Each structure stands twice: as structure tokens, then as C-alpha cells.
Amino acid sequence: MTRYIIRRLLQSIIVVLGVTLLVFVVLFQTGDPVVLLASPDATKEEIEQIRHEMGFDRPWYIQYADFLGNAVRGDFGISLRQKQPVFKLVWERIPATLELAVAAFVLSVSLAVPVGVISATRRNSIWDNLSMGLALLGQSLPVFFLGVMLIFIFAGKLKILPSYGRGDGGLLTELQHLILPAVTLGTFSLARTARLVRSSLLEVLGLEYIKTARSKGLAERVVIMRHALKNALIPVVTVLGLEFGTLLGGAVITETVFAWPGVGRLVINAIQQRDFPVVVGAVTIIAVVFVVLNLLVDLLYGALDPRVRYS
Amino acid sequence: MQEREELRQLLADALGGKHSRREILQRAAALGLTAPVFGALLAACGGGGDETPTTASGGSGSGGSQSTPGSGGAQPTQGTGASGGAEIPEQVVIMQGVDANTLDPLLRNATPEFNINVHVFDMFTKRNPKTLEVEPHIVTEWKNVDDLTWEFKLVEGAKFHNGDPVNADAAIYSFERAAKGKIGEQPVVQTITRLIGYESAEKVDEYTFRVKTSKPAAIFPDLLTSFEIVPPSVYTDADEATIAKVQREPVGSGPYKLVEWVKDDHIRLEAFEDYWGPKPKIKTVIFRPVPELSARVVALQNGEANIIVNVAPDLVPQLEQGENTRISQVTGGRIIFIGIRCDKQPFDDKRVRQALNYAVDWDSINTALLNGAGKRAATIVNPPHQNTKLQPYPYDPEKARALLKEAGVPEGFEVTMDAPSGRYIKDAEMAQAIAQNFNDIGLKINLRVLEWSVYAGELLPSKEPDPLFFLGLGSPFSGEQELFYVHPDYSLNYTRWQNADYVAKFAELSKTLDPTKRQQLMDELQEIIYDECPWVVLWHQVDFYGVTKNFPWEARPDERIFVGDVGI
């Protein structure tokens, strides 16, 4: 087990390094932010001067090494635009993003499992066709489109939910503000998970031990809930771990549509303004969170299922 | 009505508005959503509004929004535009597209930041929104002691939010801080000290100070309309922590204090009790960054916002017809043009450049893309310094063809034209239409449309755009600044247009302080540009704001949003 943990840890570090390297290379392909920082009437010499003072004239790998050296000490630099430490900027937005991701996650899981089970047990019924049809739709709808449509219907026409922001007037208003973004963000995950639960349960239902259970004369309910579902959910749990990470990342679009003050919006704004330290820092921090989550899932999985450790 | 429907359909088919593109394209692209899909989507949101007019009155219908601004004035005053019977709400919500990055007066560089600072700080002078002339503000009078020395008098008894007095020391410190060139490691964005050739400032008495410049600087009072006075005890820049603190916690002498800033959610300003000027009637001003235009529109319709910015031309009719919404629009100072590389053949011949100006079918573009709101511009200069004798180049493809022929340009001559996408109202679409206009007079245009961040981040810094390039430049109103846009020394002038007469006259202008003489020189300079055509001058961009019907605020040409004087 120890060797397994060490191996997974090393892999995680490589992943984070890979992500930072990739972001760095891609960003530097697009030029540097100095021109946008300098005043509009700055001369070429003044721009060069600023570039030199800010260190953007060094080769990218030197800047990268510099970044890594500081990052391991928790120093991700200062935002070029907001003049605040990057870590602080990301940190103060994490609660909002986490809140949104958790809400979307809870929503999607709590609906996906019942829907998947009903579909699987009533295969090819109207229920099954309808819910799987909807799931397909949910998976194909762009988050962006869904978000604008929800705003249009629930805020624009029905006027029952707010269209923007996180709300700041107590629990009730905050919950109201949470509904539309959480639905928008959770729909894709809900659809995918429901389909996964269905197919996984169908697979299990065809196995010999289910037949045995049925031939023992157990009630169908017991067969499904106690015997089939337990095994069917193993792959679902794995996917859910990743799913949560995806929700954190997918929040970028949802946060922008709903003016949600989270990490995703920070990153989008930073990209548009070429605020390189924020882009690199925020992506790195998100990558670390993602990797840690994955690692936990893997370790849990390894503990549950010994076969995983040796593969 | 029929026509309007057709127009709407046309607009719907065209790509999304200025805003949709600027703010959303990256996201849309990430999803594989193409711009037309997005445009159709916006139209879907906009179109519905006609059939079922919104029924709720201001502020009442929206469940769950914690703040319903304007709920005090929830009875819509029918049919009154801005004035007459309007109620002034206690609290006003302004929705801009993005949050401020920093409120440090020397580091801010975008309009949304400026709009907050203009409430929190006092600019030294202010601009009359109607005449666009410079007027006294916290400096009540000024005079030239000599060509290089200016004497200013401050208002007496004004205070900063922390209780410090507004006096000559504070004014001098504000200049000195700007002249440092850097705050910590960050280069100062505020350009005033550079533009006037700042040398030094000295105190005459408690409320009087003098500024010395290295050259006569007639535009000084004009530049002071965007320069904040700050308390020396707060903006010490002593260490990193102090510098970081003032980015987020500004202390000024303006009519409002900043009391809360939840990043990317809202900024809350409260009226400052000890303000020296007229006390604002609106007690609370909230700025909310809402990037998605449709979310802003819905919020306005639900009475959750009083002012929203950057309404796309497609959505204008919907808000105009809304029960509790209206549009406030104004021709702004931002000039949109196609720059011509005068160092590239055949554009070194002014007849070719004139031909391009004759070739633009502006009326069609205006109808199809701008909802009829845009007028073709005749000159690059904004009011009040426009040469009013100049008329815009008319659409005359025959004359354009003749001029090209005269200049010996072969039929089907290939030219590359660059255009940004998502920066200006309908930029890419406008460029497409104009490329077609140019093709119609016998050129062959290869249009290269680039995303704005690439355009501004790569193409422009290279200083070597293609022979034709689409661009917009900001909104000064001093005349001299606009005229500098085509001067060889201006760093963003890529036209390489050389004209000794122009340069000589411009030099004279920048040395002249007498207003009448200045206007005469400016008129002459505009005539040279009109004849020489280093640009295809298109239009001064129109800004559209959505406003609640009973809220008496009107758009200003200088893109500023200030509500401290509403109802006063």
C-alpha cells in the first residue's frame, strides 16, 4: 500500500508540473502583457524598459523556473491588474466556486441515481425512453445556452429567480441565487451520471448472482437495492470523483453567465486582460485541487479494491 | 412595424452585438458554439419581449433579489423620458460588464474603474456633459502666470473621507505621486504629468498652488477632468502592504465613500456627509459587474438595476418598448476608422485614399448593423473642437472608381485588411461590409479578422499592420489629443502618414494658448486630414445604456456614469 501511495503521489506531482508547464508555454506563445500594461501613448523604448523591469524579456524557461521556485513557497506572484497577491485573489473566491460545485454535485447525484435505477429496471418503457432522451439532451446542451435560457425563462418571464450574483441578504436569498447556476452547472453531470447508473445497473442485472438472488425468491426491490445496486455503483463512484473536479472547472462558463464571483470568472477575466500571474497561479491552484481530489479517490479505491493497487 | 420586424430579423441573422462578442466569444468558442449560433440566441431572448410585454412594475416582481433599487420609485411615470415627475430613489444600482481591477487613481485604466472613481474622488476639473467644455470643480479658478506656469485655486474647506483637509499640499502631492512614474513595481498609467511636461509644483498659500511645465500645455485643464486629488497621508506608497491596500480601499474627497467591495460581486458606495459640494440625493450607489448582457437586460426589466451599460443595437428596440425601461443613447467620443498605411503602394497616392473614403456605403451599414443610430463622421475631432464646415465623404462608387483609375491602380488589386473582433460595436461585421464596398470599386480585399486580445496583444504592438487596418481610438475632447492620433510621433499611429505642413501646424498648436487662435489652427489641421485621408473615417461610436424609465439620468459623450448630481 505504501508503495502504491508513493507511486500515486509522484504521478500527481508530475501532472501538476505538466499543467503549469503547458499553461506557461501556451501563454507565452501569445506574447507578453507589457503592451497592455503600458500607457497607450508609451513609446517603444518605454515598453522595452517596462518589459525589462518586469522580467518579461527573460527566456520563458527562466521565468518558468522562477515561478516554480516561488510557487513551492506558496508565492504565486502579484496580479498585474489588481496589484494583489494571486494566492489571496484565488483564495477569497474559492468558497463561491466550491459552493456552486457542491450544490451542482448534490443536485446531480441525488437525481441521477433514482433516474438511472428507474430507467434500468423499466427498460424500454416510456419512462426509460423519456429520461434517457432528456439525458441525451442534457449532455448535448452547451452550458452557456442552457444558462441564458434559464435566465430568460425564470428571471425574465416568470420573475421567480434572480439572474445574477451570489446574493447577500441571508440564507434564503443566497439559496435563491444558487438555484439557476447550480442547475446550469449540474445538468451535464446529472445526465452523464444517470446514463452511467443505468448502463452499469443493466450490466449487473444480467449477472449470474442476480439470477440466484431472484431464484431464491427475493422481492425484486431487495434484489435491486441490496444486491445489484451495490456493485453497479462502484464504477459510478469512480466517475463521480472526477465529476466533481470537472464541476470545479466547468464553473468557468456558468460563473460568467450568472455573474458568480468565483475562481472561474477570475481566470476568464485574467485571460482577457492578459494578467499572466493570475492565469498561471489560478490554473495551478485548481490543478492541485483537482489532483488531490483524484488522489483521494484513487487511494480510497485502492483500499476498497486491492486489485487496483497492482494494476 | 413590419419593417421593424424585418430589421430585427436581419439583425438577428447578423452576428451578436458588440457585447456578446467581446465578452463571450472565448467561452462560446470553448463550447464549440459559433458566433452565429450565439447571435441567434440573443435574438431569441430579445424577440420574445415584443409579444409578451413584461407586466411587473419596477422592483416588485423579482423574487429573491436582496436589493430592489428604485423600489422607492416603483410607480412608473408614464411616458416621461428622463425629466419631469421622476422620483429619486434612495439607492441606485449600476451594472457594468466587468468589475474594477484597481481603484488606485494612478493605476486604473478602464472606464468601469473610472466610473467608480468619479464618485469616490474629486477630479480637479469637470466636463460639462452638454457643451463638453471644461468647467471648474475642486479647483475653482486657474490662470496662466506665464506660458509655462499655471496657478490654480482650490475650493476652501473641502475634506477627504478620512478627515484630512483638501489643500495645496494634497494637490501638489497628487502631482508628485503621478510624476514618480511607478507605484511599487507597477508603471503609472495616468499620463497627465507626461502630457503636460510636468516640471514641478509649488505652494502659494493654503489653497493656491502653481504647476510648472516644460512646454506650453493648453490641454492641461482638459486633462484635469480625469485626474484625482488624493490625501498624502493615505497614498504614501511606503511599502507593499500600503500599496496593495489602496488598490481596494480608496480614500478620496468625492461625494461618495466606498464602504464595501466584494470582488466580482458588488461595490457599495454611501454618500459622504461632509462633502463640500452639493449633497447627493441618492444615498447609496451599488456597482455590480454582470458580464452577460442578457442577464443585465433581465435585471433592468425586473427593476433590479437602474442603469446597464453596453446594450447591443439589436436589443435597443426591446428596451425602448419596455414598460419600465428606456434607452439613453449618445454619440460618444470614440472614433472608429480604417487606418491606411501611407508607406505602402498604392496608398502613398492620396487619390487612392480618397477613393476608399468615397467607397463606403455608410447608410446601408447604418441600417443593417446599427439600427440607424450611427452617423458617418467627417473629422477625427470630437465636439466642441470639430470643424463644422467639413461634410462627411458621400457614398460615390463612380467617383471612387475614377480616382483609382486616375491613380493607375489595376482592376482587382489585392490588399489585406485587418479587423478586430469583439472590441467595438459590430466591428467584424462592419469590416466585412466595408471590404465588400472596396471590392465593388475594383479592389480585392483579403479580410483578416482577429480576436481582440490577439489584435491588441500582437498585431498592434508589432506596429506593422497590413495596408488597411480597422481600429477605434478613445475619447478625448481637447481637440489637440484627437489631432495627435495622425501625428508621426503618436505611438499608436501606424499609418506612416508624413505631411510637413501638418506637423508644422500641429507644433504651432501645441505652443498656442489663445483659444480662438487654437480653434483656427485645429480647423486648418482638420482640413488637411480631410483632404489627405490617412484614414477612412467611419463614425463616432454611439453608446447605448438601458435605464429604468423613471430614473432621470442621461448618457454622456465621455462614457462616464455619474449619479451624484441626479436630481440636483
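Q: How do you know that domain 1 of chain A and domain 2 of chain A are in contact?
A: Contact means heavy atoms within 4.5 Å, and 20 residues of domain 1 of chain A meet that cut-off with 14 residues of domain 2 of chain A. It's a predicted model: local features need pLDDT of at least 70, side-chain atom pairs count only at pLDDT 80 or more, and totals for chains, interfaces and linings use all residues. Residues are numbered from 1 along each chain as its sequence is written, chains are lettered from A and ligands numbered from 1 in the order written, and side-chain values use heavy atoms, leaving out hydrogens and water.

Q: What makes the area between domain 1 of chain A and domain 2 of chain A "buried"?
A: Buried area is the accessible area (1.4 Å probe) that two parts lose on being put together, summed over both. Here that comes to about 1,500 Å², with carbon and sulfur atoms giving 80%. On the domain 1 side, A:R8, A:V16 and A:L27 lose the most, together 27% of what that side buries.

Q: Why do β8(B) and β9(B) count as paired?
A: Two strands pair if DSSP finds at least two bridges between them; these antiparallel strands have 6, so they qualify.

Conventions:
Helix = DSSP H or I, 4+ residues; strand = E, 2+ residues; numbered from the N terminus.
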